[in-house]
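Subject: Handing over the two-chain model

Hi,

Here is the structure I promised to pass on. Have a look at it first, and then read my notes below.

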Amino acid sequence: MRSTVIKLGAVLGAVVSLAFAGQAHAATIASGHVDVLAFSYDDTANALDINVHQHSTGATLEAADVVFDVHSGHLVNRTTAVACKLDAGQNWVLPRTETSGLIWAGWSTEDLSLAAFGGSLQAELVDAVTPAGGNVSVYDATTGAVRFHTDPACNAPGTAITETHHHPTWVFTEPGTYELTFQVSGTHSTDGAVTSPEITYTFDVG
Amino acid sequence: MRTLPKYAAVAAAAAAVVATAASPATAETSSPTVLSEGHADVLGVAYEDGALDLHVHDEENDAEYAPSEVVLAVNRAAKTTAPAGYDFLADGDSDVWILPDTEVEGLLFAGWATEEIAPGDFAGDTLTLTVHDAWGDVDLYTVDDLGDPTVLFDSDQGPGSFTVGAGSHGHLNWAFGEAGVYKLTVEAEGVLAATGETVSTGEVDYWFWVKK
């Protein structure tokens, strides 16, 4: 009995220290199918949320518990730049189609009814901490549309989310740590306007 | 559609297939299942009991079919305008029906799968998929991260082959020039790592129904 109490205390201590550490990430995702922005809605609380849904494990994770390891396998060297998409020289690219060994990063609204939000949510990139000179572009290669971009000149601070499930191309232009903060809002047909908390994601590039 | 006689043939076949699908009098073995939306591994390849096999795996309902048992529907929402620079899609007008390589609600999300092929069974852990022929104007292609297409099969250019890895899964774009019923003739083949022998599914017919 006594030993159980001690064990419980140890576990509680560990949990508390983890909570206080703040920066401790429980999971590293370096490859495979992952809905980076998995949007969900709790109609009881009238609350929108954004989580990470990893398909290989079926796990839904808090974004704060995940580091996306954008390793060297994602490196693409280019001789020319493509405005608001890729730099000349080095880029780290999460491709739009599933590629063995690389992260296949998308978003999904499968955990909510888009129709209840008039068919669309609005996701904003509200803050971005990037390495010096580093930018992030999230775009659709098939239409050319830039969905998110960290450079205000590219005029893509946010995008309407109309897809049930979607995989754009993600590009990081410099190595280093990126912290991208997203927020989603919508107008629910019965519960009215609703906005998620600001959710920060960490990408370790290079 | 390239020629009027071919169009007439497609229209007649469309009527025949739709009539078969709709007729309650036909035996259940001849009533095809229509797959019209959601994730389907259309070109599913398996190697069992010494034979290579092509089948359709409906991921939405976790059901497996022989290609002859299904009609793959291309819903009207797939109708779009050929993107600029995609000259291989040209068929005389800009209308085209495209099942895209990304999941779009209400459309079939059609891909290939070799997840049932064990590593080491085939030389190089690769297989070759060949589309030998298609009724009418059909193009199969992938699109890279700059929007540039790679054409895998163009019915105007004859048979088209592409290599896929064993134990893998992928998606492609399926473009059809006109509404109607299409038959695609597909073959999967590979070289057995142990013996060097080439094994093949032979030519397998797939049926697509492109809705007007």
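First, a term you'll need: two residues are in contact if their C-beta atoms, placed from the backbone, lie within 7 Å. With that cut-off, 15 residues of chain A are in contact with 13 residues of chain B. On the chain A side, the touching residues split into 4 nonpolar, 9 polar and 2 charged. Here Ala, Val, Leu, Ile, Met, Phe, Trp, Tyr, Cys and Pro count as nonpolar, Asp, Glu, Lys and Arg as charged, and the others, Gly among them, as polar.

Some housekeeping. This is a predicted model, where local features need pLDDT of at least 70 and side-chain atom pairs count only at pLDDT 80 or more, while totals for chains, interfaces and linings use all residues. Residues are numbered from 1 along each chain as its sequence is written, and chains are lettered from A and ligands numbered from 1 in the order in which they are written.

How far does the predictor trust chain A? The pLDDT (the predictor's confidence in each residue, from 0 to 100) has a mean of 89 in chain A, and 88% of its residues reach 70 or more. Residues 1-22 of chain A are below 50, and beyond near neighbours in sequence that stretch has 1 contact in the model.

Now the inside. A residue is buried if 20 or more other C-beta atoms lie within 10 Å of its own, exposed if 12 or fewer, and partly exposed in between, with C-beta atoms placed from the backbone. Of the 206 residues of chain A, 31% count as buried. A nonpolar core is a set of buried Ala, Val, Leu, Ile, Met, Phe, Trp, Tyr and Cys residues joined through C-beta atoms within 7 Å. The largest one has 53 residues, and B:Phe208 is among those with the most contacts inside it. Leaving aside neighbours within four places in sequence, B:Phe208 touches B:Leu72, B:Val74, B:Phe176, B:Tyr182 and B:Leu184. Another core, of 40 residues, lies apart from it and includes A:Ile29, A:Phe39, A:Ile50 and A:Phe182.

On to the strands. Chain A has 1 helix and 17 strands; helices (H or I, at least four residues) and strands (E, at least two) are DSSP runs, numbered from the N terminus. Two strands pair if DSSP finds at least two bridges between them.

Which strands make up the open sheet in chain A? The order is S6-S7-S14-S10-S11, 5 strands with antiparallel pairing. S6 (75-78) and S11 (146-149) of chain A stand at the edges with a single partner strand each, so one side of each is left without a neighbour in the sheet. S6(A) is joined by 4 bridges to strand S7 (residues 89-94) of chain A, and A:Leu75 stands opposite A:Trp92 in S7(A).

Cheers
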